Amino acid sequence: MPLEMNREVFVTCAVTGSGSTQDRSPHVPRSPKQIADSAIDAAKAGAAVVHCHVRDPDSGVPSRRLDLYREVTERIRAADVDVVLNLTAGMGGDMIFGGVENPLPVVEGTDMVGASERVAHVAQCLPEICTLDCGTMNFAESDYVMTNTPGMLVAMGGLMTKLGVKPEIEAFDTGHLWYAKQLVKEGVLEKSALVQLCMGVPWGAPDDLNTFMAMVNNVPDDWVFSAFGLGRSQMPYVAASVLAGGNVRVGLEDNLMLDKGVLASNAQLVERAVGIVENLGARVIGPDEVRKKLGLVKRAPVA
């Protein structure tokens, strides 16, 4: 297999995520202002794309509130630095069963809504990119399942395409790539797809290099891919993805540490990633070049 590294790399910063990390680091942003400020700092550090969730400003728990998304996007768009906006559409498919002997009814924490509601903030804010988790899978928690049925993905993907927002396919395993290619074949998604390879998320694709290359080798040649690893694997995957021909994602959604015992900010993680990319001999590209590469159009939100 020839080495075909990517020479023009874009960096995505996943700013805050939807995990229970809000009390593990003071740098994990909660309020819309904190999330936007952290995204702006990441952009100034070299991130061309910021991937944003929202949280309850007081508790820090994940949220789907439209007003929070609206405030985050307005603050980022009003900043003195340009950046491509990527909003999650992964929430609203959370199923928490009642236990091994009494799985039904589902219990507190379950958040299951329809396709239109899952993308309501996307329709209102009109980011350039939004995520589409392309499969159902077990996560680390014993009774939690991330639920994305084929029917739900057809509906959500179709809504995103109709809105003119480019889906970033989140692939947590090879089967997710398989189904994403089916969505393209059926015309639900456009042919020149964007995919994020999510490595090491329990219980998806493990973060070993053999599995990673199996994922990479299942990405069609005319797609653009990026990749990330969790925790201590975050920076090694910056190098691995570039060497495999892809782009990179870092940020507090996936990793809280800069070094052992040293908590990171989003900007510091982006700076570290930029250094790795440049030391490999590649060039970090900016938001305008990303828009050209991916066919994105920057638009104003719905009034």
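The lining of the second largest pocket comprises 15 nonpolar, four polar and three charged residues, where Ala, Val, Leu, Ile, Met, Phe, Trp, Tyr, Cys and Pro count as nonpolar, Asp, Glu, Lys and Arg as charged, and the others, Gly among them, as polar. The model is predicted, so that local features need pLDDT of at least 70 and side-chain atom pairs count only at pLDDT 80 or more, while totals for chains, interfaces and linings use all residues. Residues are numbered from 1 along each chain as its sequence is written, and side-chain values use heavy atoms, with hydrogens and water left out.

**Exercise 1.** Find which element gives the most to the lining of the second largest pocket.

*Solution.* A pocket is an open set of points on a 1 Å grid over the protein atoms alone, where a 1.4 Å probe fits, with protein on both sides within 12 Å along at least five of seven lines, and its lining residues have an atom within 4 Å of a point. The second largest pocket has a volume of about 530 Å³, a volume being the space filled by probe spheres set on points that are joined across faces, edges and corners. Of its 22 lining residues, Glu 4, Val 216, Phe 225, Ala 244 and Gly 245 are the closest to the centre. Two or more lining residues come from each of α7 (209-216), β14 (224-229) and α8 (234-243), helices (H or I, at least four residues) and strands (E, at least two) being DSSP runs numbered from the N terminus. The answer is α7, which gives four residues.

**Exercise 2.** Determine whether Leu 280 is buried, partly exposed or exposed, and list its contacts beyond four places in sequence.

*Solution.* Leu 280 lies in the loop between α9 (266-279) and β18 (283-284). Because its relative accessibility is 28%, Leu 280 counts as partly exposed (buried is under 20% relative accessible area, exposed over 50%, partly exposed in between, with a 1.4 Å probe and protein chains only). Beyond four places in sequence, Leu 280 is in contact (heavy atoms within 4.5 Å) with Met 5, Arg 7, Ala 239, Val 242 and Leu 243. The C-alpha atoms of Leu 280 and Val 242, 38 residues apart along the chain, are separated by 8.3 Å.
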